[in-house]
Amino acid sequence: MRIVIAGGHGQIALRLERLLAARGDEVVGIIRKAEQADDLRQAGVEPAVLDLESASVDEVAERLRGADAAVFAAGAGPGSGATRKDTVDKAAAVLFADAAVAAGVRRFVVVSSMGADPRHQGDEIFDVYLRAKGEADAYVRGLDALDWTILRPGQLTDDAGTGLVRLEARTGRGPVPRDDVAAVLAELVDTSATAGLTLELISGSAPVSVAVKSVAGN
């Protein structure tokens with residue numbers, strides 16, 4: 001498969017890229033800074049420098065053309081203000097989805113957040129973040145041209161992955177290692193039977209492949 005990942009230098013994205021490259025997929029990581037390119041090359045990934053906060057739909061679509069799947073894993077990140085939650089976590093996700101439609105890429109996976117909700121109340125930065133992610137998710141859900149799956153991990157940790165997860169429409173809150181989020185994403189990318197699902201993810205007792213097959217109805 002040829003897979004294009006937005007936010008290609010992010011912590012989850014780098015883990016995902018290594019997994020996909022190791023299994024023989026052709027992976028392109030969209031990054032904002034040219035100095036991040038070597039990290040992607042070392043992971044076996046083709047870097048594509050493009051700022052999703054200023055790029056046009058056509059520019060992003062050009063990067064997506066010919067891909068079998070697209071993954072939105074970009075985020076403004078900790079320490080960013082409310083404005084960038086809107087321009088990255090919401091607007092860049094909308095842009096990437098529109099570009100996937102324009103490029104004819106149907107399989108579309110979103111890394112969202114547990115608690116994402118366009119109606120989320122509050123004025124703290126994290127409240128703005130959850131609203132932005134929720135608005136982006138709602139937009140993607142409305143695009144009939146995409147076979148979308150939205151993944152909402154719980155509290156992210158840097159613990160070593162266990163390969164054991166709980167993946168359901170509603171899991172309740174809990175932690176999950178970024179390693180395991182990446183492993184689930186790698187399975188979701190080529191499990192099109194999960195299209196149309198919004199899934200929560202925390203650590204659990206099911207092997208990743210079993211958990212994904214279960215939600216896919218297999």
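Five elements each give at least two residues to the lining of the largest pocket: α1 (11-22), β2 (26-31), α4 (82-103), α5 (125-141) and β7 (155-157). Keep in mind that this is a predicted model. The pocket itself has a volume of about 1,100 Å³.

**The pocket**
- The lining of the largest pocket is made of 41 residues, and the closest to the pocket's centre are A73, A74, G75, A76 and G77.
- Sorted by class, that lining splits into 17 nonpolar, 14 polar and 10 charged residues.

**Two helices side by side: α4 and α5**
- Two packed helices are described by the distance between their axes and the angle between those axes.
- For α4 and α5, the axes come within 9 Å and cross at roughly 10°.
- Angles under 35 degrees count as roughly parallel, so α4 is roughly parallel to α5.
- On the α4 side, the contact uses A82, K85, D89, K90, A93, V94, A97 and D98.
- Across from them, α5 brings I125, V128, Y129, A132, K133, E135, A136, Y139 and V140.
- What classes do you find in this contact of α4 with α5? There are 11 nonpolar and 6 charged residues, and no polar ones.

**The sheet**
- An open sheet is built from 9 strands, with mixed pairing, in the order β3-β2-β1-β4-β5-β6-β10-β8-β11.
- Its edge strands, β3 (46-49) and β11 (206-207), each pair on one side only.
- Further in, β4 (residues 69-72) pairs with β5 (residues 107-111) in the parallel sense, over 4 bridges.
- F72 sits opposite V110 of β5.

**Helices on the sheet**
- Helix α1, one of the elements lining the pocket, also lies across β1 (2-6), β2, β4 and β5.
- The direction of α1 is at about 170° to β1.
- Helix α3 (residues 57-64) packs on the sheet too, where it touches β1, β2, β3 and β4.
- The angle between the directions of α3 and β1 is about 145°.

Methods: Residues are numbered from 1 along each chain as its sequence is written. This is a predicted model: local features need pLDDT of at least 70, side-chain atom pairs count only at pLDDT 80 or more; totals for chains, interfaces and linings use all residues. Side-chain values use heavy atoms; hydrogens and water are left out. On a 1 Å grid over the protein atoms alone, a cavity is a set of points where a 1.4 Å probe fits but cannot get out, and a pocket is an open set with protein on both sides within 12 Å along at least five of seven lines; lining residues have an atom within 4 Å of a point. Grid points are joined across faces, edges and corners, and a volume is the space filled by probe spheres set on the points. Ala, Val, Leu, Ile, Met, Phe, Trp, Tyr, Cys and Pro count as nonpolar, Asp, Glu, Lys and Arg as charged, and the others, Gly among them, as polar. Axes are lines fitted to C-alpha atoms, for helices over the stretch in contact, and angles run from 0 to 180 degrees between N-to-C directions. Angles under 35 degrees count as roughly parallel, over 145 as roughly antiparallel, 65 to 115 as roughly perpendicular and the rest as oblique. Contact means heavy atoms within 4.5 Å. Two strands pair if DSSP finds at least two bridges between them.
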